[in-house]
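What follows is a walk through one structure, starting from a single contact and widening out to the whole chain. Please keep the sequence and the 3D view at hand while reading.

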Amino acid sequence: MATGMGEWSETKDATEETQKICDQVKDKVEKKTGENYGVYTAVKYREIVDEQSFLFKVHVGGEDYAHLMVVQVTGTQFPAPPSLRGVEQHRTKDAPLVPFTN
């Protein structure tokens with residue numbers, strides 16, 4: 001659990017809701033990486049609840065995983081779709097899910 005406002009939560013198992021968020025940025029991930037993912041399954045995530053920021057670990061086939069940074073603005077009359085902030089490619093199943101910039 002996050003210990004205070006603005007801190008990342010512990011890593012949690014992905015849910016149906018987190019998969020939906022990942023699905024909404026898949027085209028942007030593929031454009032950024034130049035890949036076309038046949039497999040694209042969210043497996044883990046972390047979040048900053050008060051900022052609606054997410055880190056996702058997504059299985060993209062074989063032994064390959066991608067880490068995504070995504071922001072989703074909610075709580076407004078017209079919520080915006082999730083925004084992809086970064087992608088780390090060629091991660092492993094056991095690679096820690098840590099914030100990054102790119």
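In this predicted model, the side chain of Thr33 makes a polar contact with the side chain of Tyr37, at 3.3 Å. Thr33 is part of helix α1, which covers residues 16-33. Is Thr33 buried or exposed? Its relative accessibility is 15%, and because buried means under 20% relative accessible area, Thr33 counts as buried. Once neighbours within four places in sequence are set aside, Thr33 is in contact with Val87 and Gln89.

One of the strands is β2, residues 41-48, and Tyr45 lies in it. Tyr45 has a relative accessible area of 9% and is therefore buried. Which residues does Tyr45 touch, not counting those up to four places away in sequence? They are Glu10, Thr11, Lys12, Asp13, Ala14, Thr15, Thr18, Phe54, Leu55, Phe56 and Leu97. Val58 gives a distance to compare with the sequence: Tyr45 and Val58 are 13 residues apart along the chain, and their C-alpha atoms are 8.9 Å apart in space.

Strand β5 spans residues 83-91. Gly86 lies in this strand, and with a relative accessible area of 0%, Gly86 is buried. Between Gly86 and Glu47 there are 39 residues of sequence separation and 15 Å of space, C-alpha to C-alpha.

His90 also belongs to strand β5, but His90 is exposed, with a relative accessible area of 56%. What is the phi of His90? His90 has a positive phi of about 55 degrees, although His90 is not a glycine.

After β5 comes the segment that holds Lys93. Lys93 has a relative accessibility of 59%; since exposed means over 50%, Lys93 counts as exposed. Leaving aside neighbours within four places in sequence, Lys93 is in contact with Lys57 and Tyr65. Thr11, one of the residues that Tyr45 touches, is 82 residues from Lys93 along the chain, and the C-alpha atoms of Thr11 and Lys93 are separated by 13 Å.

The remaining points concern the chain as a whole. Why can the protein be described as agreeing with a compact globule? A compact globule of 102 residues would have a radius of gyration near 13 Å, and the protein has 13 Å, so the two agree. Along its principal axes, the C-alpha trace spans about 35 × 30 × 25 Å.

Of the 102 residues, 40% are buried; Thr33, Tyr45 and Gly86 are among them. How much of the contact pattern joins residues at least 24 apart in sequence? Among contacts between residues at least 6 apart in sequence, the share is 48%.

The accessible surface comes to about 6200 Å², and carbon and sulfur atoms account for 51% of that surface. As for charge, the protein has 12 positive and 16 negative side chains. The centres of these two sets lie 3 Å apart.

Definitions and conventions:
Residues are numbered from 1 along each chain as its sequence is written. This is a predicted model: local features need pLDDT of at least 70, side-chain atom pairs count only at pLDDT 80 or more; totals for chains, interfaces and linings use all residues. Side-chain values use heavy atoms; hydrogens and water are left out. The radius of gyration is taken over C-alpha atoms; the globule rule is 2.2 Å times the number of residues to the power 0.38. Buried means under 20% relative accessible area, exposed over 50%, partly exposed in between (1.4 Å probe, protein chains only). Contact means heavy atoms within 4.5 Å. Accessible areas come from the Shrake-Rupley method with a 1.4 Å probe; for residues, only the protein chains shown count as cover. Lys and Arg count as positive and Asp and Glu as negative; His and the chain ends are not counted. The place of a charge is taken as NZ of Lys, CZ of Arg, CG of Asp or CD of Glu. Helices (H or I, at least four residues) and strands (E, at least two) are DSSP runs, numbered from the N terminus. A polar contact is a pair of N or O atoms within 3.5 Å; within protein, one must be able to donate a hydrogen and the other to accept it, and residues adjacent in sequence count only if both atoms are side-chain atoms.
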